[in-house]
Amino acid sequence: MPPLNYSGKLVLAPMVRTGELPLRLSALRYGADLVWSPEIVDKKIIGCKRIVNDKINCIDFVLPEKDNNVVFRTHRDLERNKIVFQLGTASPELAVQAATIVAADVAGIDVNSGCPKHFSIHSGMGAALLRTPDKLVAILEALVKEVGKKFDIGISVKIRILDTPEETLALVRRLVKTGISALTVHCRKIPMRPRECAVRDGYLAGIASICRESGVTCIANGDVYCRGDLNMLKTTYGIDSAMIATSAEANVSCFSADTKDAVRPWREVAEEIFNTAIEVDNHTTNTKYVLGRIIPGKDAMYRGIMQSHSHDEMKRVFHGLPPRDTEPVKAQNPAKTSISYGQTLKLELITNPKRKLEARELEELKLGTDHQRQKLDVNTPLCEAPSALRTVS
């Protein structure tokens with residue numbers, strides 16, 4: 001596998017839960033140059049067994065003691081040279097041990113030192129490493145020496161800005177001397193949340209300059225919405241690449257959009273991700289979660305997906321049916337949802353069993369025009385919806 005080139009790229013951010021294989025493959029289809037895995041803690045991957053999954057052409061890392069539960073899955077062909085494994089760690093020794101397990105199947109290893117959430121920082125990982133720079137430097141140096149050079153893959157780090165530009169630039173100067181290939185800076189301080197605007201002025205140009213002098217690719221993250229933003233950030237701040245997070249959760253076609261409003265229709269994107277999820281045997285719970293970030297909450301399809309317990313039930317919803325043919329459609333406001341006349345009659349009979357039906361109403365039910373009574377062949381493909389497996393080149 002050739003060394004990873006991080007420069008001039010628009011990449012998918014590491015995102016817990018949403019950043020699994022279906023979204024990553026769809027991101028590549030829509031133009032992402034590289035994709036990051038969700039953060040996986042060192043001890044968890046150390047406990048995994050590597051399995052070749054020929055059925056779906058993937059490499060699985062599973063937990064044998066937990067019924068081979070999949071911790072990390074990567075596609076052997078479509079993610080080759082494009083997948084960066086993000087590692088949660090607070091130990092040079094554990095970092096090397098964990099990275100060695102996946103190194104042959106990924107293009108790079110990224111150390112998470114930017115996540116401020118409890119699950120990441122409780123053991124000194126994530127953003128907690130920004131307060132212990134000696135440990136962070138030791139981790140990166142160990143990974144570069146023991147993993148990066150041995151497997152000829154990239155080693156990178158993702159950070160947040162500190163309280164002042166001076167503190168941030170001092171940290172960056174130390175990090176670029178460790179031998180890393182790339183540094184991603186999330187332009188928010190540790191306590192800041194995604195709804196708060198990214199802070200670039202006073203920070204980003206200086207970080208980019210230090211990286212450039214050291215031959216390290218600078219990747220900007222925070223309020224990046226589309227490919228057009230990559231060009232703007234390169235011109236304005238001198239960065240090399242950019243990383244998209246929340247915009248990709250909402251509509252992954254943002255990677256091919258020149259402006260944030262030029263994305264593909266949400267239903268088209270949702271269908272493609274759903275088809276991909278089925279083809280790579282994604283866990284139902286994760287598929288539901290990812291679709292829940294794409295489908296508008298007020299749309300009837302959202303309620304149907306959230307009520308589904310399997311991919312077959314979700315497929316019914318995409319065909320305009322309820323998840324299960326024995327249940328009435330559940331709607332917060334039936335007057336504002338597109339349910340059929342026959343459905344309305346059934347709902348009325350449930351709430352008022354003594355209601356007398358007129359002749360035309362009896363005929364409506366007799367003919368079975370209510371779409372809830374239709375039977376769906378689960379092998380029926382969705383209307384011309386593509387799959388990322390067939391379109392990524």
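A residue counts as buried when its relative accessible area is under 20%, and as exposed when that area is over 50%. I kept in mind throughout that this is a predicted model.

Entry on Ala107. I looked up where Ala107 sits, and found it in the loop that runs between helix H3 (92–102) and strand E8 (108–113). Is Ala107 buried or exposed? Its relative accessibility is 3%, so I noted Ala107 as buried. I then checked Ala107 against Ile153, which lies 46 residues away along the chain, and read a separation of 5.6 Å between their C-alpha atoms.

Entry on the whole chain. I counted 16 helices and twelve strands, and of the 393 residues I found that 52% count as buried. Taking the contacts with a separation of 6 or more, I noted that 66% of them join residues 24 or more positions apart.

Entry on the cysteines. How many disulfides does the structure hold? I found zero. Cys226 is in no disulfide, since the nearest cysteine sulfur, which belongs to Cys254, is 7.8 Å away, whereas a disulfide requires the two sulfur atoms to be within 2.5 Å. I also looked up burial here: Cys226 has a relative accessible area of 3% and is therefore buried, and Cys115, with a relative accessible area of 16%, is buried as well.

Terms used
Residues numbered from 1 in each chain as written. Predicted model: local features only at pLDDT ≥ 70, side-chain atom pairs only at ≥ 80, totals over all residues. Heavy atoms only, no water. Helix = DSSP H or I, 4+ residues; strand = E, 2+ residues; numbered from the N terminus. Buried < 20%, exposed > 50% of the residue type's maximum accessible area, 1.4 Å probe, protein only. Contact = heavy atoms within 4.5 Å.
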